[in-house]
Amino acid sequence: MASGSVESLALDQLPTALLATIMTKLDISSICSMAVTCRTFNSCASHILSFLPNFHILEISPSMGLMKPLLPPNPYLKSLKLDCGQLNDSSVELLLRPSLQELCLHNCSDFSGKLLSEIGSRCKDIRSLYLGSVAEKRGRAILISDLEELLGGCTQLEELYLMFDLSLFLRHNFARVWALASEKLTSLEIGYISSVMVTELLSPNVGPHLYPNQIQPSILPGIQKLLLAVDYITDTMVSTISRGLALLTHLELRDAPLIEPRVTFDLTNSGLQQINQHGRLKHLSLIRSQEFLSTYFKRVNDLGILLMADNCANMESICLGGFCRVTDTGFKTLLHSCSSLYKLKVCHGSQLTDLVFHDIAATSLSLTHVSFRWCNLLTNHAIRSLVCNTGLKVLDLRGCKNLGDEALPAISSLRELKMLQLDNSDITDGGMAYLRHGIISSLISLSVRGCKKLTDKCISVLFDGSSKLELQELDLSNLPNLSDNGVLALAKSQVPISELRLRQCPLIGDTSVMALASMRVDDDRGHGSSLRLLDLYNCGGITQLSFRWLKKPYFPRLRWLGVMGSLNRDIVDALARNRPYLHVACNGEELGTDPWNNIDGSYMHDYEELDELEQWLQEGEWESDDEEMEAAEEAEDVVMGS
């Protein structure tokens with residue numbers, strides 16, 4: 001009898017108040033998962049949206065019409081995170097609530113500067129603000145008055161991330177406006193700004209009503225974390241930052257010169273010596289990007305690193321990119337001077353060799369994150385020495401072309417390793433066996449892009465017989481000998497991968513798409529359920545047949561797809577309409593990365609399950625788009641037949 005009573009008490013028969021309490025503990029995706037199961041849960045989900053404290057949707061770009069029922073009046077809403085790719089200024093009133101303390105809006109290209117001014121007037125209590133790509137569409141603009149209202153209105157602001165171009169503002173007004181910023185502001189990130197504007201902003205000047213020898217206090221004195229992308233990293237800018245921000249603990253600077261810098265617009269040994277004058281700095285990143293021009297910090301050598309090391313004994317994280325004249329002497333000095341270092345990243349270290357790590361075991365270092373991207377002189381010997389840091393979690397060796405199979409036994413001993421990147425190395429199928437017997441069960445991300453000697457066999461070597469894998473990201477791009485047979489083996493292994501990159505693989509074709517579409521990972525999740533990103537750009541065998549398998553119900557969680565736009569534009573466009581929450585990229589761009597915030601080129605995602613949200617919002621609205629795709633395919637067949 002007792003058992004019968006328990007069975008008769010279904011979950012949807014619980015008191016509404018109790019159900020609402022349970023559902024408020026869930027994130028949006030989980031709430032939507034419950035909402036599609038029955039009318040009771042659907043009704044309860046609609047009700048709790050009026051008092052939910054957090055609302056986060058970043059993987060899809062909902063329209064204004066779809067957002068209205070999801071964001072009813074809610075005086076308890078504290079945190080809002082949203083992809084605004086389909087929204088504009090008309091959404092301001094819906095999004096901006098006086099109760100907000102955290103606001104994160106990505107892809108705001110169709111908004112004008114009104115977004116900034118309205119946040120300043122409506123969100124007085126906001127603590128953390130992230131705005132991405134504001135006013136990037138033609139015809140949109142941001143006025144200095146918009147920035148002024150934002151900074152003057154948000155008096156409680158502690159973290160500010162402006163991920164767009166601020167260099168367009170007139171310089172003579174810029175510093176004056178920033179004087180209005182909250183005294184509580186401790187973290188600032190700017191998507192792009194000129195080095196001259198940074199220098200003028202942070203330079204303590206003689207005030208108009210002060211005595212000639214009286215110095216005006218620095219603007220933004222409370223900043224502890226500063227991240228800037230600039231035109232040039234210069235001695236003047238570095239010195240100004242170091243002198244003016246006495247509480248600074250985290251500094252990241254990145255430039256991408258369009259022309260070779262002159263000495264007055266460059267970083268030299270003298271500038272490095274100015275870093276960390278107040279002794280508080282824990283994290284330092286200085287990156288010269290090769291995005292527009294193959295250029296380096298040519299005026300910095302070992303002496304500059306030696307001078308900097310004198311002030312950096314307490315440093316915990318150092319990232320250096322483009323220091324082509326720094327040799328083993330400079331890098332070794334950092335390893336032996338910074339006893340607390342746990343993260344070391346060097347990019348384009350053209351003079352870095354194995355000798356740096358010869359006696360690393362004699363240091364007290366406990367490195368957990370190591371990256372030596374495009375350090376072409378490193379060999380297997382360096383890796384054998386490096387793995388004395390048994391707690392390594394991230395190992396990025398992209399572009400180290402002299403690494404081969406002999407490095408893999410050493411790497412396989414790193415039982416805590418989560419991310420491994422071996423792009424363009426000289427490893428073979430046989431060497432991959434070491435990873436299977438060592439670390440494959442712990443890896444979350446593995447990249448072997450451009451490892452030309454790998455074939456289909458590497459898939460079976462890695463995954464045959466493996467169980468309970470945590471692997472979420474796998475990059476097999478630019479492997480000329482990887483074919484559909486390799487992908488079939490991958491699908492058969494049922495590895496729960498979320499991101500699969502196969503770009504530039506000439507032997508990959510429709511069979512691979514069909515295999516992935518038919519793959520089951522969890523029995524209750526449907527076909528191909530785990531894939532959220534699939535990059536098939538410039539795969540030689542992809543035809544219109546693949547697009548029939550890219551429609552629903554296959555790949556129900558797919559959010560990013562890379563294909564060749566020239567394949568058949570009508571079919572590609574029809575697919576985009578068929579799946580409006582799918583980001584279809586046709587121009588070869590890398591998928592799933594934020595162009596404003598990917599300084600070191602690495603990325604890991606914490607995915608939310610959002611396919612249920614899509615089902616809840618638009619269930620049953622796919623039929624007309626299916627007909628469009630079929631019509632496009634039929635038209636292609638006619639063309640091919642003629």
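Predicted model: local features only at pLDDT ≥ 70, side-chain atom pairs only at ≥ 80, totals over all residues.
Me: Why is serine 109 called buried?
Reply: The cut-off for buried is under 20% relative accessible area. Serine 109 has 19% relative accessibility, so serine 109 counts as buried. Serine 109 lies in the loop between strand 3 (102-106) and helix 7 (114-122).

Me: Which residues does serine 109 touch, not counting residues up to four places away in sequence?
Reply: Serine 109 touches Ser133, Ala135, Glu136, Lys137 and Arg140.

Me: How do you know that the buried residues of helix 19 line one face of the helix?
Reply: The buried residues of helix 19 (residues 484-493) are Asp484, Gly486, Val487, Leu490 and Ala491. Viewed down the helix axis, these residues fall within an arc of 155°, and therefore they line one face. On the other side of helix 19, Asn485 and Lys492 are exposed.

Me: What do the buried residues of helix 19 pack against?
Reply: Their partners are helix 18 (457-463), strand 16 (473-475), strand 17 (499-501) and helix 20 (510-518). After helix 19 comes glutamine 494, which has a positive phi, near 60°.

Me: What makes phenylalanine 372 stand out in the largest nonpolar core?
Reply: That core has 181 residues, and Phe372 is one of the five that touch the most other members, together with Phe55, Trp178, Ile241 and Ile411. Membership of such a core requires that a residue be buried and joined to others through side-chain atoms within 4.5 Å. Leaving aside neighbours within four places in sequence, the contacts of phenylalanine 372 include Leu344, Val346, Leu352, Phe357 and Leu378. Asp396 and Arg398 are also among its contacts.

Conventions: Residues numbered from 1 in each chain as written. Heavy atoms only, no water. Buried < 20%, exposed > 50% of the residue type's maximum accessible area, 1.4 Å probe, protein only. Helix = DSSP H or I, 4+ residues; strand = E, 2+ residues; numbered from the N terminus. Arc of directions from axis to C-beta. Contact = heavy atoms within 4.5 Å.
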